[in-house]
Amino acid sequence: MKFSIYRYDPDQDAKPYMQDYELEDNKIEHGMMLLDALLLLKEQDQSLSFRRSCQEGVCGSDGMNINGRNGLACITTLDELKQPVEIRPLPGMPVVRDLVVDLSQFYKQYRTVKPYLTNDEPVPEVERLQTPEQREQLDGLYECILCACCSTSCPSFWWNPDKFLGPAALLQSWRFLADSRDQATEQRLNDLEGPFRLFRCHTIMNCVEVCPKGLNPTRAIGHIKALMVKRSL
Amino acid sequence: MSSIPKRSFDTLIIGAGGGGLRAALQLSQADARVAVVSKVFPTRSHTVAAQGGVNAALANVVPDNWHWHMFDTVKGSDYLGDQDAIEYMCRAAPRVVYELEHFGVPFSRLDSGRIYQRAFGGQSRNFGGDQAARTCAAADRTGHAILHSLYQQNIRAKTHFFDEYFAIDLIKDQDGYFLGALAIEIATGEPILIEAKTTLLATGGAGQLFRTNTNALVNTGDGMAMALRAGIPLQDMEFFQFHPTGIAGKGMLITEGVRGEGGYLINSDGERFMERYAPNAKDLASRDVVSRAIATEVREGRGVGPNKDHVLLKLDHLGADIVKKRLPGIRDTVMTFLHIDPAETPIPVFPTAHYTMGGIPTDRYGQVVVPVQQGAEEPVPGLYSVGECACVSVHGANRLGGNSLLDILVFGRAAANHIIGHLSEQHYHRPIPDGACDTAMARLERWNRQGKGESVPALRKELAKVMEDHCSVFRNEEVLQQGKDKVLDIRERIRDAYIDDYSQVFNTARIEAMELENLVEIGVATVASALERTESRGAHSRIDYPERDDARWMRHSLFSLDGDKMDYKPVRMKPLTVDSFPPKKRTY
């Protein structure tokens, strides 16, 4: 099986280039994932650098651009991929080396939405109550693994990574706005005012298209916008 | 020495999983200056993969109390757990779970609005009576929910993070005080000395020792190996948990919650075979019991599949609604990796390396403790450890499902509280002696020169294969002795191993080489401890010594790197306030 992989080591390379790799067919087992292939390629060429950890789509380390589409290598099956498989780092982020990108800006935007439960009432001795229906509002939101596939596929985030918060951070914003236990709604909405932070979303929906966990940031952003409108009336 | 940049904190925490983050939060909230060093971004730590839940006797579903939880944990440990620590943990459990809820963890809910709790293995009411429902769950993504919430609360508390820094070794002075650690920034390859009045190791387990495992690739036992190299013994390393239900041949974890929700195991005859091995608890017996039962079914020819090498986990009778609502992550995983829907088709499963019961010996405050000459054990000044890398010991010879998330929360918090007390007395950093970083720097620099031997990835594969072949569910002297010889041989060959990446920028080959050095030490500790223990207890099952031998072996093992020596210490049988649970025959 043939691969074409983005290579760049600022220590040694003047500029990035694409390198061809080949994996012998006898090494490929049925149902193998792209990450398995990358690990085998790394045995051939230890200098190939990428992040990985859980190998089952829950840690969010191995987000990359696979044949033009962002995804997690560990849950992308080889049989679904056209050859040569073209693998590039997540787009729009500074490249540290090979498939490793600098996600500082992505994490900064995450922190910007104050992604933590805020409730100023005295802490009860037991749990705060929440009905199953209230809890269900968090499904499709809390499962985010911060892999950055969505934000780095978003043209609005590419143009304004410092001003537009991007789909991942906004999904988290809605995760807390939607939580019956959270009391910071006003503050959260105030923080999202202005033309960029929230409203740069033009519902292009690349985020929904690529999310490896099947989440829908565009819908979450829609909910926030609706809440903003409702508040201004 | 002077050329290495230095940063100073009150406390250095190595590892950003649940244990490290729970401790960090407690310390940051107490205005201590905390640095958390992690080789991956915190939410990539392996706590994220915990599925089924965390045990606490909240009694939200059926009557429950901490004392029953304590009994189950002592029995589950096959009486090797320390009963003072177990009492402490079970009493603290409701409180730490309520705290998590207040931190924002999106627990599943009952109609009453209270936290959802499910049945899990080894749980009983009234000291061995009916099945309890003690495991607090956020669907089957409890670890993810907890880890993200803890990270979020640490953002709020302004904890200082060193993300993607790899700790190489601990630093100590001639008096044995621990002073911090040498680490490198993975992105640049730059070394950094992080000086601290107290250092907390929370680096997780070493599941990568075994070829087929449920663990993340980062679970290489770095903290345990650092402790070994610093002269600390490792405790009870022969007890490695094989989870009964990893996906056969692949290893992805299928939570015990599947059986807690009503799923059960069948063999090639379609028989619900656990009824023979554990007439009362059946599929919810302790993990060691279920793993042995599966291995036995397969050995006796009742395995399923073309090679008759696994059994089936059946949950199609639960209905698609329950599967989607209570086990959505499992359904995703099975559909992704096996292309079947578990709501319709049973899952092929086999016991899979899962959890390191042993680790760095600590007391219930998280202080690392070592025997002093022939006398009683004493705390090591400035060094703490919590979570899977530590051995308190609350899990003894076999951990109960749902007790590992509890362990990291209770002892992460307890260690932080103890550190806060310590910091109030120790106002200044002790001086760092000249040359204190030399050994650690040499360890890093060794990988800058060309080796003439074998490649690191090949040796890592070989080690995992040897451990799987020689130190698995069933063991005997001959197989263990061969295993020990082979692991010792691999340890020698690593000295000449090579990597072919000499870049300073995000050099993962070099990190993997240092991980292999860590793994092999833990491999030696595991087989050496297993070879010496001539009895069967909990997860350590010797075919040549099939019975538990309390007279000789009701004691903890201690493996030291110095001469690969074994030592032993007594089990703490006396709880804090209640009567001791004396050893009894263990049936489920």
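Which residues does Arg125(B) touch, not counting residues up to four places away in sequence? Hello everyone, let's start there, and please keep in mind that this is a predicted model.

The partners of Arg125(B) are Val62(B), Pro63(B), Trp68(B), Asp130(B), Gln131(B) and Ala132(B). If you want to find Arg125(B) on the screen, go to the loop between strand 4 (117-118) and strand 5 (135-136) of chain B. Asp64(B) is 61 residues away along the chain, yet the C-alpha atoms of Arg125(B) and Asp64(B) are separated by 6.4 Å. Is Arg125(B) buried or partly exposed? Its relative accessibility is 22%, so Arg125(B) counts as partly exposed, given that buried means under 20%.

Now to the helices of chain B. Helix 4 covers residues 142-156, and 14 of its 15 residues are buried. After helix 4 comes Lys158(B), with a positive phi near 60°.

Further along, please look at helix 13 (residues 456-470) and helix 14 (residues 477-494) of chain B. Their axes come within 9 Å and cross at roughly 170°. Angles over 145 degrees count as roughly antiparallel, and therefore that is how helix 13 and helix 14 of chain B run relative to each other. The crossing is left-handed. On the helix 13 side, the residues in contact include Leu459(B), Leu463(B), Val466(B) and His470(B); on the helix 14 side, they include Val479(B), Gly483(B), Val487(B) and Ile490(B). By class, this contact has nine nonpolar, three polar and four charged residues.

In chain A, one joins Gln83(A) and Pro84(A), with omega about -10°. Pro84(A) is in the loop between strand 4 (69-72) and strand 5 (85-88) of chain A. In chain B, a cis peptide bond joins Val392(B) and Ser393(B), with omega about 5°. You'll find Ser393(B) in the loop between strand 18 (390-391) and helix 11 (403-425) of chain B.

Back in chain A, Gln55(A) has a positive phi near 65°. Gln55(A) sits in the loop between helix 1 (34-44) and strand 3 (63-66), and is partly exposed with a relative accessible area of 24%. Asn67(A) also has a positive phi, near 45°. Asn67(A) lies in the loop between strand 3 and strand 4 of chain A and, at 28% relative accessibility, counts as partly exposed.

Methods:
Residues numbered from 1 in each chain as written. Chains lettered and ligands numbered in written order. Predicted model: local features only at pLDDT ≥ 70, side-chain atom pairs only at ≥ 80, totals over all residues. Heavy atoms only, no water. Helix = DSSP H or I, 4+ residues; strand = E, 2+ residues; numbered from the N terminus. Expected span 1.5 Å × (residues − 1). Buried < 20%, exposed > 50% of the residue type's maximum accessible area, 1.4 Å probe, protein only. Axes fitted to C-alpha atoms, helices over the stretch in contact; angles between N-to-C directions. Parallel < 35°, antiparallel > 145°, perpendicular 65-115°, else oblique. Left-handed = near helix turned anticlockwise from the far one by under 90°. Contact = heavy atoms within 4.5 Å. Nonpolar A, V, L, I, M, F, W, Y, C, P; charged D, E, K, R; others polar.
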